[in-house]
Amino acid sequence: MALRDLASGMNQHWLWRAMAMQDIVLRYRGSVLGPLWLTFSTAIMIAAMGFVYSQIFHLDPERYVPFLTLGLLIWQFISSVITDGCSAFMSVQHAIQQVRLPYTVHVLRSVFRNLLILGHNAVLVPIVFLMMGHGIGWDALMVIPGLILLCVNGFWISILLGMLSARFRDVPPIVAALLQVVFFVTPVFWTVETLGRYRHVGDFNPLFAAIDVIRAPLLGEPVAPYSWQIVGVMTVGGLLVTAVFFSRFRSRIAYWV
């Protein structure tokens, strides 16, 4: 049943893509700029943090601002996928109870919606790189497998957290609180080298690895030694664990929501 749910959800890609785009349209209905408001707010944050933290860390703004821009954009995508994943089933409880759809449709809708928002915000990357005189090389092509892995991880995380949140309503606020803490202890706006002899703490942070496999190629820098391995293990391990939980508790989701 779980495998049929997954296959059916993937086959109905037209549905979850249309639903994701409709979510964005409805969220910004009546707004002149629509989702670009997110882009403008991100641009303001980058400008403010780029000036302040480049002075605090004594870094060259021409190198630090592109680093910060990519870190914030990828972090926003990851944190949004995790947060929305908690409500992947609860936010559509009426649809689950009234319409027979694969559960994976709702999860894929959530991940694709955040991918669209990332695409909107990605327009800042060439602008910042051009302003800072930073070029992009052929290494940037490694962004493609990195982004695919992030989406796959977002898929299993959304299923797992969606089920846990439907069963235990304390999970979403706990996750939101943890994300606020994790943001400051993950090398998003500060470099992993600043940890000195404790650098391994940052290198083995799964969220840093997820950011690094996309940020480093775009910056033309080598990926941290263990980033690809960590992301790979996280992807395979997460899919296996989620497959067990989804197979076991899929039939109870409709009652939990």
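The model is predicted, so local features need pLDDT of at least 70 and side-chain atom pairs count only at pLDDT 80 or more, while totals for chains, interfaces and linings use all residues. Numbering runs from 1 along each chain as its sequence is written, and side-chain values use heavy atoms, with hydrogens and water left out.

**Helix α12**

- Helices here are DSSP runs (H or I, at least four residues), numbered from the N terminus.
- Helix α12 covers residues 227-249, and its 23 residues should span 33 Å at 1.5 Å a residue; the end C-alpha atoms sit 32 Å apart, which agrees. The expected span is 1.5 Å times one less than the number of residues.
- Buried means under 20% relative accessible area, exposed over 50%, and partly exposed in between (1.4 Å probe, protein chains only).
- On α12, the buried residues are S227, I230, V231, T235, G238, T242 and F246.
- Those buried residues pack against α1 (2-11), α6 (103-121), α8 (143-167), α10 (199-203), α11 (206-219) and α13 (253-256). Contact means heavy atoms within 4.5 Å.

**Aromatic pairs**

- Rings of Phe, Tyr and Trp (its six-membered ring) pair if their centres lie within 6.5 Å; planes under 30 degrees apart are stacked, over 60 edge-to-face, and the rest tilted.
- You'll find 13 aromatic pairs in the structure.
- F89 and Y103 have ring centres 5.9 Å apart and planes at 80°, so they're edge-to-face.
- That pair links distant parts of the chain, 14 residues apart: F89 is in the loop between α4 (61-86) and α5 (93-98), and Y103 is in helix α6.
- Both F89 and Y103 are buried.
- F184 and F189 also pair, with centres 6.2 Å apart and planes at 85°, so this one is edge-to-face too.
- F184 is exposed at 54% relative accessible area, whereas F189 is buried at 6%.
- Ring pairs tie Y53, F57, Y64, F67, W75, F183, F184 and F189 into a cluster.

**R215**

- R215 lies in helix α11.
- R215 is buried yet has no salt bridge; D212, the nearest side chain of opposite charge, is 5.4 Å away.
- A salt bridge needs a side-chain nitrogen of Lys or Arg within 4 Å of a carboxyl oxygen of Asp or Glu. For charge, Lys and Arg count as positive and Asp and Glu as negative, with His and the chain ends not counted.
- Leaving aside neighbours within four places in sequence, R215 touches F67, L70, G71, I74, P187, V188 and F208.

**Cysteines**

- There are 0 disulfides (a pair of cysteine sulfur atoms within 2.5 Å).
- C86 is in no disulfide, and its nearest cysteine sulfur, that of C151, is 18 Å away.
- C86 counts as buried at 2% relative accessibility, and C151 does at 18%.

Notes. Helix = DSSP H or I, 4+ residues; strand = E, 2+ residues; numbered from the N terminus.
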